[in-house]
Amino acid sequence: MTEGKATSTKRLDGLARFCVAELAGRGLPAAVTEATLPGGGREKSWDVAWRMDDKPRLAISLKSLLKNLGGTVPNRVDDLMGEVTNVQMYSPEIVTGYIMLFNVAEDTYSRLHDSTWSELLKSRITRLSGRRPPSWSIGMIEASLFLEVDFSEGPRLVSGAAEAAPFFDRLVAAVRNRNPVLERAP
């Protein structure tokens, strides 16, 4: 997460490993990082995925927004909807989650949206979260986690850590609910 390049593909590797460990600790062992999952339009790589019986049952996407927030925030919402719609077209029952790292040191006010970029992104991602049966809306996610970081004087987590456990709890509960063959133990 601390690699110097703003576009580093390795920045989120540690976070992906953390996700794998959190899922295993909740009874979903053998989740993998950088998994290619089938989709309605094309295969797509997800940062973390868990399979049962060779079918993807859970996918987590990790994103970081560190610079150029005015140009990136609007695109992230579109990316989220496109990414989850693609995988849900292939497998409507798949459980999906999003984790966003947001650099608050770069956050500014947008007159057009009458809010800061972080407030705008949080509100839009929250509107797309909470997907539950029987209304499994395509393009929505089961859970999201918004982690505020500050890179102004080295990497520092500002907020969001307390929401990590409930995020993983919601995802695992949804997987168990949609796959009754799994043990009901926590």
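Reading the terms in a predicted model

Student: Why is A30 called exposed?

Tutor: The relative accessible area of A30 is 66%, and exposed means over 50%, buried under 20% and partly exposed in between, with a 1.4 Å probe and protein chains only; therefore A30 counts as exposed. This is a predicted model, in which local features need pLDDT of at least 70 and side-chain atom pairs count only at pLDDT 80 or more, while totals for chains, interfaces and linings use all residues. Residues are numbered from 1 along each chain as its sequence is written, and side-chain values use heavy atoms, without hydrogens and water.

Student: Where is A30 placed, and what is its phi?

Tutor: A30 is in the loop between α1 (13-25) and β1 (32-37). Helices are DSSP runs of H or I with at least four residues, strands are runs of E with at least two, and both are numbered from the N terminus. Phi of A30 is near 70 degrees, a positive value in a residue other than glycine. Most residues other than glycine have a negative phi.

Student: What makes E34 exposed?

Tutor: E34 has 51% relative accessibility, so E34 falls in the exposed class. E34 belongs to strand β1, and its phi, near 50 degrees, is also a positive value in a residue other than glycine.

Student: Which residues of helix α3 are buried?

Tutor: In α3, residues 117-127, the buried ones are W117, S118, L120, L121 and I125.

Student: How do you know that they line one face of the helix?

Tutor: Seen down the axis of α3, the buried residues fall within an arc of 160 degrees, so they line one face. The arc is that of the directions from the helix axis to the C-beta atoms. On the other side of α3, T126 and R127 are exposed.

Student: How many helices and strands does the protein chain have?

Tutor: The protein chain has 4 helices and 8 strands.

Student: Why is the protein chain called as compact as a globular protein of that length?

Tutor: Its radius of gyration is 16 Å, close to the 16 Å that the globule rule gives for 186 residues, so the description applies. The radius is taken over C-alpha atoms, and the rule is 2.2 Å times the number of residues to the power 0.38. Buried residues make up 47% of the 186 residues.

Student: What share of the contacts with a separation of 6 or more comes from residues 24 or more positions apart?

Tutor: Such residues account for 61% of those contacts in the protein chain, where contact means heavy atoms within 4.5 Å.
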